[in-house]
Amino acid sequence: MKKKIVSTMLICAMGAMCLAGCRSTSDDAAATASTTAADAATTTAAAETTDAAATTADTAASEASTEATGTGVAKDDLKVGVIYVGDENEGYTEAHMKGIADMKQELGLSDDQVIEKTNIPESEECYDAAVDLANQGCQIVIANSFGHESYMLQAATEYPDVQFCHATGYQAASSGLSNFHNFFTKIYEARYVSGVVAGLKLNEMIDDGTITEDTAKMGYVGAYPYAEVISGFTSFYLGAKSVCPSVTMEVQYTNSWADLDAENQVATKLIQDGCVLISQHADTTGAPTACEAAGVPCVGYNVDMTSVAPNTALTSATNNWGPLFTEMVQDVIDGTQIPADLSIGYAEDGVAITPLNEKVCAEGTQDKVDEVIAAIKDGSLHVFDTSTFTVGGESLEDAIADGSLKDTLGDSYDAFAANVSDGYYHESETQSAPSFAIIIDGITSVQSN
Amino acid sequence: MPDSNNAIELKGVTKRFGSVVANDDVSLSLKKGEILSILGENGSGKTTLMNMLSGIYFPDEGEIFVNGQEVTIRSPKDAYNLHIGMIHQHFKLINVLTAAQNIILGLPGPQRLDMKSVDEKIDELTKKYGFELDPEEKIYNMSVSQKQTVEIVKVLYRGADILILDEPTAVLTPQETERLFEVLRNMKNSGKSIIIITHKLNEVLEISDRVAVLRKGCYVGTVETKRASVESLTEMMVGQKVTLNIDRPDPVNPKPRILVKNLTVRNREGLLALDNVSFDAKSGEILGIAGISGSGQKELLEAIAGLQPIEDGQILYTDPKDNIEDLTKKSAQEIYQMQIRLSFVPEDRLGMGLVGSMGMPGNMMVRSYRNGKGPMTDRKTPADLSKRIVERLDVVTPSIDTPVRNLSGGNVQKVLVGREIASSPVVLMVAYPVRGLDINSSYQIYELLNEQKKKGTAVLCVGEDLDVLLALCDRILVLADGKVTGIVDARTATKEQIGQLMTAGASKKQEA
Amino acid sequence: MKKKKVIHMVRRTGISTAKAWSIRIIAVLLALLVCAFVIVGITGANPIAVYGGIIDGAVGTSSRTWITIRECVFLLIVAAGLTPAFKMRFWNLGAEGQILMGGLATAAVMIYLGPMLQDWLLWIIIIVVSMLSGLVWGLLPAIFKAYFNTNESLFTLMMNYVAMQIIDVAIVFWENPKGSNSVGVINQVGKEGWFPSMFGQQYLFNVILTAITMILVFSYMRYSKHGYELRVVGESYNTARYAGINVKKVIIRTMCLSSAIAGLAGAMIVAGSSHTISVSTGGGRGFTAIIVAWMSQFNPYAMIIVSLFLVFMQRGSIQIATDYGLNNNASDIITGIILFFLIGCEFFVNYRLEVTTIDEEEAKA
């Protein structure tokens with residue numbers, strides 16, 4: 001992100017010097033820069049919010065319908081405002097735009113009923129945009145970047161009759177505002193499934209004799225050491241481990257949400273370290289490109305990677321925002337209270353994996369995948385099942401009981417501990433943003449800087 | 001019909017720059033194998049006219065014939081193709097290259113340069129016309145006259161038959177001028193046609209066959225040199241009879257004002273600019289300072305004005321009450337704070353003396369902006385002073401607020417001199433006070449200097465025209481290569497005597 | 001007879017003001033016309049409706065108008081700050097970094113002192129501290145320029161990157177919430193240190209600060225001894241030395257003033273508008289303001305017009321991008337076209353083209 005600002009500044013400077021410059025494009029730079037901070041979600045505030053929002057997202061939804069307040073909005077009068085941090089050229093926002101389009105089709109809204117503002121940076125411009133959309137008569141305003149939250153919150157205070165929905169945030173429950181909401185998908189479910197695909201591939205490689213059980217080591221290109229990333233790679237690892245018990249994983253970070261070169265380099269480094277399969281939580285095609293070059297199988301994120309890695313890409317975990325948007329907008333039409341936190345997974349079609357690349361995937365993968373998805377849907381399989389992993393050699397329950405996680409988790413310890421019950425960690429239930437922020441056994445996490 | 005005996009013929013050539021007409025309907029001709037002088041005051045359009053022949057400017061109107069054929073000269077390349085070569089007043093050479101490299105620069109040629117055959121061809125040319133030139137010498141090692149030689153050989157090498165020289169003698173010593181004229185005569189004899197732009201009448205009479213005179217952009221006429229005299233040519237140039245006598249009153253009660261002792265100054269490059277210079281300047285007299293340009297005149301005046309670091313020596317100032325102040329190593333700011341009324345009209349008027357983008361009041365403030373208490377400037381007094389100067393010195397300006405860089409050279413100088421004498425200076429230093437000025441303005445400046453002299457000011461005047469210095473000054477100090485080679489009484493000295501002193505240091509250097 | 005037309009350019013001298021402005025107005029009209037073609041080409045929409053959209057986006061509602069004013073005021077105060085330095089021919093390309101440092105200082109005051117002090121005291125501290133830290137950022141290159149004659153353009157430009165790195169480090173400390181890699185809105189609940197709303201307008205305070213700054217700067221430039229000195233230094237060091245001006249002192253003093261004002265702009269952005277700090281707080285205004293200052297030839301009234309025009313088009317373009325589902329880059333194209341014509345027309349203000357007919361037949365005869 002800095003590169004772009006730097007180049008923008010240079011261009012501006014040169015332009016200004018020869019008096020032939022054009023308007024600074026730093027807006028775009030800022031927009032792109034902030035995109036990257038978008039997915040960042042943390043566990044810190046969970047502690048404060050536990051009591052306030054002790055209900056799960058699902059139950060909150062059902063409760064909400066009973067306390068339906070308003071009269072609703074006639075569908076023809078409805079106006080939806082959307083604030084994107086990027087535009088269609090940027091994968092994260094592109095997925096949201098697709099979700100909005102799905103919602104529009106699902107509900108039968110016309111084009112002029114949805115006002116979309118692209119490239120809104122995480123600054124007062126977001127507040128400006130939110131107020132502007134409210135002024136234009138939107139009954140619901142949706143923003144998609146993490147850094148938008150405080151500006152959305154500010155606008156929500158000033159426009160109590162308008163619903164403000166914010167992706168990836170965490171402050172809704174604690175804000176005390178009935179018109180401010182957070183939402184996120186249960187992407188960890190899809191990552192678990194993609195992990196299963198990876199595990200089956202590892203088994204195939206062990207059977208071939210390409211690797212041994214002991215060398216079944218995966219690599220993971222992470223963006224930042226934040227809860228969202230940790231939760232993601234843990235679920236991926238658990239998915240792989242469920243079919244290939246001896247697997248281990250090494251994680252390295254790029255410290256950027258989208259940096260093609262860095263992702264490529266980190267992936268290459270991981271392969272040199274002996275990783276035989278790579279996955280990622282970063283937004284570009286850097287890692288799959290490196291894998292394709294090295295002939296190492298890989299699992300992507302957000303988009304189908306077969307275009308850049310036709311011979312190595314297995315599948316990708318993806319978000320499907322359409323159902324979330326549809327649900328929220330439908331609530332506005334019905335006059336139903338939107339829950340403070342909204343999170344959907346496989347059960348509601350909120351997440352998926354891209355079609356398997358038959359050429360690379362192990363035989364029988366599709367059947368196993370279908371089986372796992374069905375189990376997740378019917379609730380018989382919990383991703384963060386505490387019987388499937390250990391922390392520091394002991395079970396998660398024991399670790400919590402003896403307080404050994406207090407140092408790692410700090411302020412968010414209490415909230416974290418409260419999420420552990422019934423033999424599994426209740427990820428994304430109290431709060432839509434992911435919160436599983438500890439490194440479990442079998443994973444080594446290396447801070448690259 | 002154009003005459004094919006003419007190397008060049010101009011018909012009704014007009015060139016305008018905005019509202020200024022630089023050349024107005026000029027028609028003149030250069031015969032094959034002659035030397036034609038183009039004579040005119042500064043700003044009369046001589047250089048503009050020649051630039052149109054060499055392809056730098058394009059005429060707005062009129063026709064140009066070369067060897068009887070109408071031509072369109074749109075670039076210097078076109079000019080070369082027509083065998084026209086111009087030697088500009090400011091040389092266009094690359095210092096780090098050799099003479100031969102400069103000469104072939106930009107010429108088409110084989111991939112592999114054969115410098116040996118280039119050198120041979122150059123030697124052939126220099127022998128033919130009597131130049132002295134080593135083709136392998138680097139430009140930065142050359143004297144001004146040698147550089148000029150390179151420029152001339154450069155156009156000859158490119159096959160020029162018609163040569164245009166813009167003020168070729170301005171930078172040369174009398175001896176070097178003589179040598180140049182010899183070469184020009186050789187070229188004429190071998191069939192080249194030559195135009196010399198100049199404003200020095202004596203040289204015109206010496207070298208040329210015919211003289212074409214321009215005045216304020218208009219063509220006045222062409223005369224055979226044999227039938228012309230200094231007086232008749234001056235009259236053609238100025239448009240009226242001019243008395244060329246400069247008044248020289250005798251100094252009254254001269255007292256030393258500036259005493260310079262063993263002054264040594266190094267310039268920015270660390271070279272010795274002034275070497276052990278000692279002299280005094282007295283009240284009520286004009287001390288002329290003569291020398292080939294770059295002999296240390298600039299550094300001398302700037303050292304006194306506090307603008308040049310001094311390596312060694314002393315500068316003492318005696319005020320009208322006979323108090324002696326030491327100005328050595330005082331900055332201009334400190335001299336100002338000592339309330340010493342030392343005025344200085346520098347050589348670089350717009351680059352040092354004036355602020356080109358400001359109007360007259362802003363330029364008056366260069367000396368007076370600190371006056372008055374408080375952080376704000378007084379804007380009324382400078383405006384009043386500007387009006388007085390406009391009135392007294394006949395400054396031609398649309399308004400006192402017109403940026404001075406838009407004024408003509410003479411008016412710029414009047415603004416500068418007017419400001420400097422407005423503070424009733426005790427010492428007035430002027431460098432090349434009439435450079436670029438027309439004859440009438442020049443005489444106005446001489447009068448102003450004499451006026452100051454009569455008021456008892458000590459005037460130091462650096463000049464380039466020895467005839468003028470001899471007529472105006474009381475004493476003349478001659479600098480050669482940073483050394484004082486003589487201080488002579490201007491009433492008895494001769495031009496030849498000063499010319500010898502001017503080159504004394506230089507010849508010593510060559511011997512060493 | 002064969003005639004050949006030759007076009008050549010002639011420098012104008014003394015063009016009348018009316019003529020110069022009519023050339024500029026023609027340029028604007030031409031630019032709008034070309035934009036119309038581009039818009040029709042991209043969207044197929046009615047260009048007049050599109051221009052309506054631009055006006056609507058810039059001043060369509062009172063909050064849009066205030067946003068336009070807010071952005072305009074930021075450009076103006078930075079341009080006013082650049083003026084003394086540029087008049088001195090000190091090419092300060094570091095306004096962006098100076099804004100950032102001013103903003104950083106403001107954020108620090110809000111974060112550390114916000115809960116402890118009265119609002120009015122905070123505002124004063126913010127203004128003083130932001131100016132001081134902007135000043136430090138300009139002082140360094142000025143000292144190097146004055147004493148070692150280093151190239152100030154490169155130096156100030158590089159200082160921008162240093163400022164960005166420092167902001168990055170500060171974000172690590174002030175990160176809110178943790179892991180967000182951003183500072184978030186500072187003091188969102190209590191609004192400690194936020195510049196006050198006046199008459200219900202939260203940006204009016206900035207407008208007043210800018211107006212005061214501009215009046216002071218332009219009086220300083222025109223009427224003060226310091227202003228005179230810096231103009232002489234800008235014209236020629238030799239003339240300045242000749243006039244007994246301490247060139248080093250003037251360079252340092254002027255650059256302090258220039259960068260302090262850029263620092264104040266940082267305070268206005270952080271305390272008066274965004275209430276956060278990030279590497280994009282400057283938003284390129286340090287560079288856009290250069291264009292404003294140059295295009296207006298340092299005339300304060302022209303500055304207001306130029307910056308209003310730029311912001312107007314910018315805000316308007318954002319609106320049409322939303323209206324017609326265009327990418328924001330499309331609006332940059334429109335701004336680019338307009339700037340091209342505006343800057344290009346200065347050629348015709350300074351030169352005119354003449355066509356001369358040359359008789360080719362005769363030339364060959």
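Chain B folds into 17 helices and 20 strands, where helices (H or I, at least four residues) and strands (E, at least two) are DSSP runs numbered from the N terminus. The radius of gyration of chain B, taken over C-alpha atoms, is 25 Å, close to the 24 Å of the globule rule for 512 residues, so chain B is as compact as a globular protein of that length. That rule is 2.2 Å times the number of residues to the power 0.38. The model is a predicted one, in which local features need pLDDT of at least 70 and side-chain atom pairs pLDDT 80 or more, while totals for chains, interfaces and linings use all residues. Residues are numbered from 1 along each chain as its sequence is written, with chains lettered from A and ligands numbered from 1 in the order in which they are written.

Along its principal axes, the C-alpha trace of chain B spans about 70 × 55 × 45 Å.

Turning to chain A, we meet an open sheet of six strands in the order 2-1-3-4-5-11, with parallel pairing; two strands pair if DSSP finds at least two bridges between them. Strand 2 (114-117) and strand 11 (341-344) of chain A are the edge strands, each pairing on one side only. From one strand to the next, the twist averages 20°, an angle (0 to 180 degrees) between N-to-C directions of axes fitted to C-alpha atoms, for helices over the stretch in contact. Strand 5 (residues 180-185) of chain A joins strand 11 of chain A in the parallel sense over four bridges, and here T185(A) stands opposite I344(A).
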